[in-house]
Amino acid sequence: MKLSVMVDIFFGKWGYQMTTEEYLRAMEIVKEAGYDGIEILMWWNDDLNAIRAKKDELGIEVAAMMTKVDCLGASKEKENFLADLKESIKAAKKLGCKNLFCSAGDDRK
């Protein structure tokens with residue numbers, strides 16, 4: 001079994017986008033603690049090449065990452081959803097990440 005850490009939750013603050021440098025340091029700590037990988041929430045303003053290089057250097061994986069898409073349930077935002085989803089897939093491929101996750105939204109009917 002492989003174990004990964006949601007670094008944004010354990011090393012950041014809710015709703016705060018971690019910097020590339022914070023991700024790189026968190027990856028080192030995760031590796032030192034014996035975990036196999038990380039999970040990333042908000043990646044869109046970070047240097048994905050630096051994250052990829054650190055991941056490869058440490059021999060860990062990006063096990064999962066959140067899509068840039070805010071909500072699956074926003075049908076009125078379909079075009080934005082599809083554009084953001086494509087960007088998320090491209091970013092995941094760059095990081096060698098095989099798993100994306102997305103919020104279903106917070107609307108209640």
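Good morning, everyone. Please keep in mind throughout that the structure shown above is a predicted model.

I shall begin with the chain as a whole. The protein chain contains four helices and four strands. Of the 109 residues in the protein chain, 36% are buried. The accessible surface of the chain is about 7100 Å², and carbon and sulfur atoms account for 51% of that surface. As for contacts between residues at least 6 apart in sequence, 71% of them join residues at least 24 apart.

Let us turn to the sheet. In general, the strands of a sheet pair through backbone hydrogen bonds, and the pairing may be parallel or antiparallel. Which sense applies to the four strands here, and in what order do they stand? The pairing is parallel, and the strands form an open sheet in the order β1-β2-β3-β4. Its edge strands are β1, residues 4–6, and β4, residues 100–101, each of which pairs on one side only.

Strands β1 and β2 are joined in the parallel sense over three bridges, and Val-5 stands opposite Ile-38 in β2. Strand β2, which covers residues 37–40, pairs with β3 over four bridges, again in the parallel sense. Here Ile-40 has Met-65 in β3 as its bridge partner. Finally, β3, residues 61–66, pairs with β4 in the parallel sense over two bridges, and Met-66 has Phe-101 in β4 as its bridge partner.

Next, I would like to consider two individual residues. The first topic is Lys-55, which is found in helix α3, residues 48–58. Is Lys-55 buried or exposed? Lys-55 counts as buried because its relative accessibility is 9%, below the 20% cut-off. Leaving aside residues up to four places away in sequence, Lys-55 touches Met-27, Ile-60, Glu-61, Val-62 and Leu-95.

The other residue is Met-18, located in the loop between α1, residues 7–11, and α2, residues 20–32. Met-18 has a relative accessibility of 2% and therefore counts as buried. Its contacts, again leaving aside residues up to four places away in sequence, include Val-7, Phe-11, Tyr-23 and Asp-46. The C-alpha atoms of Met-18 and Trp-43 are 8.0 Å apart, while the two residues are separated by 25 residues along the chain.

I shall close with the empty space in the model. In general, rolling a probe the size of a water molecule over the atoms shows where empty space is left. The largest pocket has a volume of about 210 Å³. Which residues line this pocket? They are Asp-8, Ile-9, Lys-13, Trp-14, Gly-15, Tyr-16, Leu-41, Met-42 and Met-66. Sorted by class, the lining consists of six nonpolar residues, one polar residue and two charged residues.

Thank you for your attention.

Technical notes
Residues are numbered from 1 along each chain as its sequence is written. This is a predicted model: local features need pLDDT of at least 70, side-chain atom pairs count only at pLDDT 80 or more; totals for chains, interfaces and linings use all residues. Side-chain values use heavy atoms; hydrogens and water are left out. On a 1 Å grid over the protein atoms alone, a cavity is a set of points where a 1.4 Å probe fits but cannot get out, and a pocket is an open set with protein on both sides within 12 Å along at least five of seven lines; lining residues have an atom within 4 Å of a point. Grid points are joined across faces, edges and corners, and a volume is the space filled by probe spheres set on the points. Ala, Val, Leu, Ile, Met, Phe, Trp, Tyr, Cys and Pro count as nonpolar, Asp, Glu, Lys and Arg as charged, and the others, Gly among them, as polar. Buried means under 20% relative accessible area, exposed over 50%, partly exposed in between (1.4 Å probe, protein chains only). Contact means heavy atoms within 4.5 Å. Accessible areas come from the Shrake-Rupley method with a 1.4 Å probe; for residues, only the protein chains shown count as cover. Two strands pair if DSSP finds at least two bridges between them.
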